[in-house]
Amino acid sequence: MSMTVATVSETDPTDSKAEPLVVDFPSGIPGFETCHRFVLVSSPELAPMACLRALDPPEASFLTVDPRLLDPSYDLTLREFERARIGAGDEPLLWLAIVTVTEGEASANLRAPIVINPGRMTGCQFIRDEADYPVRYPLGRA
Amino acid sequence: MLVVTRKRDEAIVIGDGIEVRVLRHGRDGVRLGITAPAHVAVHRQEVYETIRAANAAAAAAAMHAPTLVEHLRGRAGKP
């Protein structure tokens with residue numbers, strides 16, 4: 001464990017060749033329950049999106065975007081038991097909406113956001129049962 | 001499948017710490033109260049299946065990254 005911490009602290013964040021940090025998803029995400037370790041890859045080529053890539057089989061990749069970029073009033077609150085699932089107190093969390101394309105229509109899933117606690121490097125996909133955010137928030141034609 | 005009959009306010013216990021209680025039942029449906037540990041996700045099945053399908057489609061669509069990036073950049077540039 002101490003070895004891991006040392007490696008992280010010695011990594012230069014400006015070094016693009018640095019190994020991206022691994023985020024733990026204890027339950028995987030729906031449909032990919034066997035994927036527990038993910039890396040979030042950002043690059044100028046992908047911006048404003050970032051790629052969330054599973055390290056475990058089937059090594060699925062997901063394009064994600066900040067939901068606030070699409071809906072500036074997007075509600076960034078979790079219930080207490082949801083925050084507990086990613087070991088979060090009151091600290092700010094990283095929110096990502098998964099982007100997809102079906103039949104040429106690009107959309108973002110605002111109903112089931114990915115939320116990462118950077119302090120614990122733990123993430124989860126939450127499903128907002130009560131919220132009326134759409135699974136396919138249209139981004140227009142791709 | 002285990003089939004049990006429960007009356008109002010009666011419950012079943014699943015494993016360690018999961019309780020499903022019948023709160024009310026009527027013609028329109030059965031109202032259940034579920035108590036589970038924080039690490040156990042509880043969802044309506046049809047909603048969970050929708051998210052599963054959306055994730056599978058998104059994993060397949062990740063290959064369209066360049067097109068999507070162009071599209072989102074166009075959108076982000078709008079006032």
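**Confidence, a hairpin and an interface**

Helices (H or I, at least four residues) and strands (E, at least two) are DSSP runs, numbered from the N terminus. Chain B as a whole averages a pLDDT of 86, and 78% of the residues score at least 70. For the complex, the predictor gives an ipTM of 0.82 and a pTM of 0.80.

This is a predicted model: local features need pLDDT of at least 70, side-chain atom pairs count only at pLDDT 80 or more, and totals for chains, interfaces and linings use all residues. Residues are numbered from 1 along each chain as its sequence is written, while chains are lettered from A and ligands numbered from 1 in the order in which they are written.

Turn to the hairpin in chain B. E2(B) and E3(B) form it, with two residues between them. Strand E2 (residues 18–26) of chain B runs antiparallel to E3(B), and seven bridges join them. Pairing requires at least two DSSP bridges between two strands. B:His25 has B:Val30 in E3(B) as its bridge partner.

Now the interface. Here 32 residues of chain A are in contact (C-beta atoms, placed from the backbone, within 7 Å) with 27 residues of chain B. On the side of chain A that touches chain B, E5(A) gives the most, with five residues.

Technical notes. Two residues are in contact if their C-beta atoms, placed from the backbone, lie within 7 Å. pLDDT is the predictor's confidence in each residue, from 0 to 100.
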